[in-house]
Amino acid sequence: MSQLNLSLKIWRQKNANEKGSFETHQVEANEHMSFLEMLDVLNEKLISEKKEPVAFEHDCREGICGACSMVINGHPHGPQQKTTTCQLHMRHFKNGDTIHIEPYRAGAFPVIRDLVVDRAAFDRIIQAGGFVSVNTGQPQDANALPVEKDQASRAFDGAECIGCGACVAACPNASAMLFVSAKVSHLALLPQGKVEAARRVQSMVKQMDLEGFGNCSNVTACEAECPKGISVENIARMNREYFAAVLKSEE
Amino acid sequence: MPRDVASRAAKTACDEGLGVAPTGLAVYLDFSAAIKRYGQSKANSAGIHNASEAQIIELGEKVVEEKYGNLFEMYEKITGENPYKLPMKIYPAVHYTMGGLWVDYNLETNIPGLFALGECNFSDHGANRLGASALMQGLADGYFVLPYTIGKFLSGDISTPKIDANRAEFVAVEKETRERIDKLMSIGGSQSIESFHRRLGKIMWDYCGMSRTTEGLTAARQMIRELRDEFYRDVFVPGKGDEFNPELEKAQPAADFFELGELMVVDALNRNESCGGHFREESQTEEGEAKRDDVNYRYVAAWEYRGWKEEPIMHREDLDFDNIELKSRSYK
């Protein structure tokens, strides 16, 4: 197992109102650790020295929850393609490397502390339309709504979005179009989502604008940095959905 | 091969020093035979009679990718090795504990209005929690049960006026929470929460894991109590109690885990049989299969925690089987 001695330049910030700055720390890791495990090692060291550990978000550590959010050497979730921070392993770094770790930078994602940003704006977008209505009463038969395999697969491609916000962090405009379009596509492609489709796309886009995310100018850095490989095709689909919905009945 | 038997065998092999990888905590899971088998059957059904070995492997890998593509991708990310070409190195680990909140047929817990869906409730698992069981229960509860049962609660609740947050109950809970936080913050010891959590996890893994014994469980209960005492004497929670503090977020559930862990050990000690995911070494057949005792233990237990100094109380619900006959698992 090869050991790595690393210099970390980590963004430290007490809260949204105070100015932050980079702090340098030395850490010893081994190549089998994930990036988050390496940060755990650093935090254990800081705690043993009675210093404040670095705040960062994590939950499942399997690449499916979307909690880990940080910019590593300029890339959201680090330099590996289709990889979340928790799935990034230290063997991709070299002994003696200096690694820059920052929070997502976007006006709509204010810093809470260190590497933790407030992504509640995404929750509010979902609340605005990311749901389907289900009637109460007798349950319907499980096979009452057949969905074609192709259709299900395409909906699933959108559903793979874990809502981590890397697309926003990657975009020079801090646009949330990839996220919103993945959610809109996922539901618009399924029969369960058809009922509210026209209203959904309008409400979600409206909420996205209210939250202060920027506009899309087709840079497509979002797709390149997305840990789940969500395609910008979804943005095109959402734009079609949106125009059709506005023509039909503007909300 | 059922997963519980395979897991115990993997752990036993590693305990005996037969493990692979630098840590010795792994056994091989080799897909090469399965790839050839799937490939051959794919070739047969496609009418390719003289398929070369390379063709068969290619077809077989496609079948495996359809089935387990996402898992293989995760494995490659973690290890940096291609599992289609090299045998996977695997080791059992706890990721689920087979048990949960008591609910009625409407999925409502014993707290009115608190519904529990998915695997946090009783859970439909036997000796194994297999892949996608979590999805199955989440979907079944969320799609087919709750939409049709919560309406009854909501229809009665519609006339409830807005609840005043200054009521005595709120004030009492807030005070209790504040005191708990102040207590944790004031210990000012020298060991991190993570280190206690790991030690507790190790005790549970060693003595209340895939196989359990009376001696092991008895010793574990004592160890948990000692560790808990040490936690309240020597834990260090950095930061402040009234700001964003991930360490404090960890400390509160970690403190609860001592109670939960002890209750799990008490329950495992009480259940003098093997049943489902609970395997007591004293209670097994000659072939190493779990041996149930349907006369004495045909019930589910919910334990009431009454503080550290009192013994917990067991609330049992007997299980009646009217339409099916109780049998033992057999793969023969």
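This is a predicted model: local features need pLDDT of at least 70, side-chain atom pairs count only at pLDDT 80 or more; totals for chains, interfaces and linings use all residues.
View 1. Chain A contains 9 helices and 7 strands, and its C-alpha trace spans about 60 × 40 × 35 Å along the principal axes. Of the 251 residues of chain A, 43% count as buried, and among its contacts with a separation of 6 or more, 71% involve residues 24 or more positions apart. Chain B has 8 helices and 4 strands, which follow one another from the N terminus in the order α-β-α-α-β-α-α-α-α-α-β-β. The C-alpha atoms of chain B fill a box of roughly 80 × 55 × 45 Å, again taken along the principal axes. In chain B, 17% of the 332 residues count as buried, and 54% of the contacts between residues at least 6 apart in sequence join residues at least 24 apart.

**View 2. The largest nonpolar core, with 68 residues.** Within this core, the residues that touch the most other members are A:C167, A:V168, A:L178 and A:V180. Elements of chain A that each supply at least two residues include strand 1 (3-12), helix 2 (120-129), helix 4 (166-170), helix 7 (197-210) and helix 9 (233-248), while helix 5 of chain A gives the most, with 8 residues. Because domain 1 (3-102) and domain 2 (119-134 + 146-248) of chain A both give residues to this core, it lies between them. Around A:V180, and leaving aside its neighbours within four places in sequence, the contacts are with A:I125, A:M204, A:V205, A:M208 and A:M238. A second, separate core has 18 residues, among them B:Y207, B:I224, B:A251 and B:A268.

**View 3. Where chain A meets chain B.** At this interface, 18 residues of chain A are in contact with 17 residues of chain B. On the side of chain A that touches chain B, the elements giving two or more residues are helix 1 (35-48) and strand 6 (111-113) of chain A. By class, that side of chain A has 7 nonpolar, 6 polar and 5 charged residues.

**View 4. Helix 3 (residues 53-79) of chain B and its kink.** Although helix 3 of chain B has 27 residues, its end C-alpha atoms are only 27 Å apart, short of the 39 Å that a straight helix would reach at 1.5 Å a residue. A kink of about 90 degrees is present in helix 3 of chain B, centred on B:Y68. The residues B:I56, B:L59 and B:G60 of helix 3 are buried, and what covers the buried residues of this helix includes helix 2 (32-45) of chain B. Helix 3 of chain B is followed by B:G80, whose phi is positive, near 75 degrees.

**View 5. Domains of chain B, with the contacts between domain 2 and domain 3.** The domain assignment of chain B gives domain 1 (3-90), domain 2 (94-159) and domain 3 (166-318). Taken over C-alpha atoms, the centres of domain 2 of chain B and domain 3 of chain B are separated by 22 Å, and 5 residues of domain 2 of chain B are in contact with 6 residues of domain 3 of chain B. The side of domain 2 of chain B that touches domain 3 of chain B is made up of 4 nonpolar residues, 1 polar residue and no charged residues.

**View 6. The surroundings of B:L117 in chain B.** B:L117 is found in the loop between strand 2 (88-90) and helix 4 (133-157) of chain B. Not counting residues up to four places away in sequence, B:L117 touches B:L107, B:G138, B:D141, B:G142 and B:L146. The C-alpha atoms of B:L117 and B:L101, which are 16 residues apart along the chain, are separated by 9.5 Å.

Notes. Residues are numbered from 1 along each chain as its sequence is written. Chains are lettered from A and ligands numbered from 1 in the order in which they are written. Two residues are in contact if their C-beta atoms, placed from the backbone, lie within 7 Å. Ala, Val, Leu, Ile, Met, Phe, Trp, Tyr, Cys and Pro count as nonpolar, Asp, Glu, Lys and Arg as charged, and the others, Gly among them, as polar. Domain bounds come from an automatic or database domain assignment. The expected span of a helix is 1.5 Å times one less than its number of residues. The bend at a residue is the angle between axes fitted to the seven residues ending there and the seven starting there. A residue is buried if 20 or more other C-beta atoms lie within 10 Å of its own, exposed if 12 or fewer, and partly exposed in between; C-beta atoms are placed from the backbone. A nonpolar core is a set of buried Ala, Val, Leu, Ile, Met, Phe, Trp, Tyr and Cys residues joined through C-beta atoms within 7 Å.
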